[in-house]
Amino acid sequence: RVLTTRIAWLISTGQVGPHGVLAVTFTNKAAKEMQERIGKILSPAQAGELQISTFHSLGVRILREEAKALGYKPRFSIFDSADCAGILSEAAGTVDKATVRILQSLISNWKNALVTPEAARHLATDEHQKLAAHAYLSYEATLKAYQAVDFDDLISLPVELFDKHPEVLDKWQNRLRYLLVDEYQDTNACQYALLKLLAGPRAAFTAVGDDDQ
């Protein structure tokens with residue numbers, strides 16, 4: 001309710017056009033509910049121009065449009081957990097499912113913290129971390145060879161893209177003039193970095209979070 005009311009006020013007072021608004025939340029259900037609520041406040045035409053999505057849907061949209069800059073084709077594949085487990089199992093040289101799950105979790109945590117394969121090798125301390133760090137680089141190379149990404153890449157790759165290509169970042173900063181973020185307390189380091197890059201020097205955003213969390 002806070003975010004939908006905020007969006008309506010921004011648009012009705014002429015501070016930003018509907019096409020320049022991006023609202024981000026964590027689930028498709030919440031994004032759909034936000035779209036429905038704002039549809040009751042604004043005109044259908046205005047509501048239709050808004051961009052309301054999850055972090056991962058936003059990442060997909062950015063990557064599909066800018067795939068070439070990162071060496072991907074726009075029709076790259078998004079591998080699910082089972083596909084990724086198979087690649088990681090081969091990279092780590094183990095078929096033990098419990099071990100592969102641990103390695104997947106470690107690599108996912110590294111990606112969400114923007115830790116590169118090279119940095120992971122220096123951070124690894126125990127046996128599982130060392131195995132995960134060893135497999136991480138090969139895992140990434142195999143995904144790239146398949147022209148595929150995993151779920152975590154949908155956030156980390158746009159951050160990499162914007163860091164390496166300031167002209168692309170400038171385009172997206174000018175396209176998305178105002179950001180609104182739901183459940184802000186749940187953002188990880190990678191999601192925070194993406195939001196910070198998109199907000200840019202203008203820093204026009206509203207974040208809603210839960211103090212108790």
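Guide: What follows is a set of questions on the labels used for this predicted model.

Visitor: What makes D212 exposed?

Guide: The relative accessible area of D212 is 76%. Exposed means over 50%, so D212 is called exposed. D212 is in the segment after β6 (205-207).

Visitor: Which residues form a negative surface patch?

Guide: The negative surface patch consists of E183, D186, D210, D211 and D212. Membership needs over 30% relative accessible area; D212, at 76%, therefore passes that cut-off.

Visitor: Why is strand β1 described as largely enclosed by the rest of the structure?

Guide: Strand β1 covers residues 21-25, and five of the five are buried, so the strand is largely enclosed. V21, A23 and T25 point one way, L22 and V24 point the other way, and all are buried. In a regular strand, side chains alternate between the two faces of the sheet.

Visitor: How do you know that β1 pairs with β2?

Guide: Pairing needs at least two bridges. β1 and β2 (residues 51-54) have four bridges, in the parallel sense, so they count as paired. Four bridges also join β1 to β5 (residues 178-181), and these two strands run parallel. A23 has I52 as its bridge partner in β2 and stands opposite L180 in β5.

Visitor: Why is the contact of R37 with E33 called a salt bridge?

Guide: The closest N and O atoms of R37 and E33 are 2.9 Å apart. The cut-off is within 4 Å, so the pair qualifies as a salt bridge. R37 and E33 are four residues apart in helix α2 (residues 28-39), which means a separation of about one helical turn.

Visitor: What makes K171 partly exposed and E66 buried?

Guide: Buried means under 20%, and partly exposed lies between that and 50%. K171 has 35% relative accessibility, so K171 is partly exposed; E66 has 9%, so E66 is buried. Their side chains meet in a salt bridge at 2.5 Å, N to O. This pair links distant parts of the chain, K171 in helix α10 (residues 166-175) and E66 in helix α4 (residues 55-66), 105 residues apart. E65, E66, K171 and R175 are linked in a network of salt bridges.

Visitor: How do you know that K111 is buried?

Guide: K111 has a relative accessible area of 3%, under the 20% limit, and is therefore buried. The side chain of K111 meets that of E140 in a salt bridge of 2.7 Å, N to O. K111 lies in helix α6 (residues 97-112) and E140 in helix α8 (residues 127-145), so the pair ties together parts 29 residues apart in sequence.

Key. Residues numbered from 1 in each chain as written. Predicted model: local features only at pLDDT ≥ 70, side-chain atom pairs only at ≥ 80, totals over all residues. Heavy atoms only, no water. Patch = residues over 30% accessible without salt bridge, like charges linked within 9 Å, V, L, I, M, F, W, Y side chains within 5 Å. Areas by Shrake-Rupley, 256 points an atom, 1.4 Å probe, with all protein chains shown as cover. Lys, Arg positive; Asp, Glu negative; His and termini not counted. Charge placed at Lys NZ, Arg CZ, Asp CG, Glu CD. Buried < 20%, exposed > 50% of the residue type's maximum accessible area, 1.4 Å probe, protein only.
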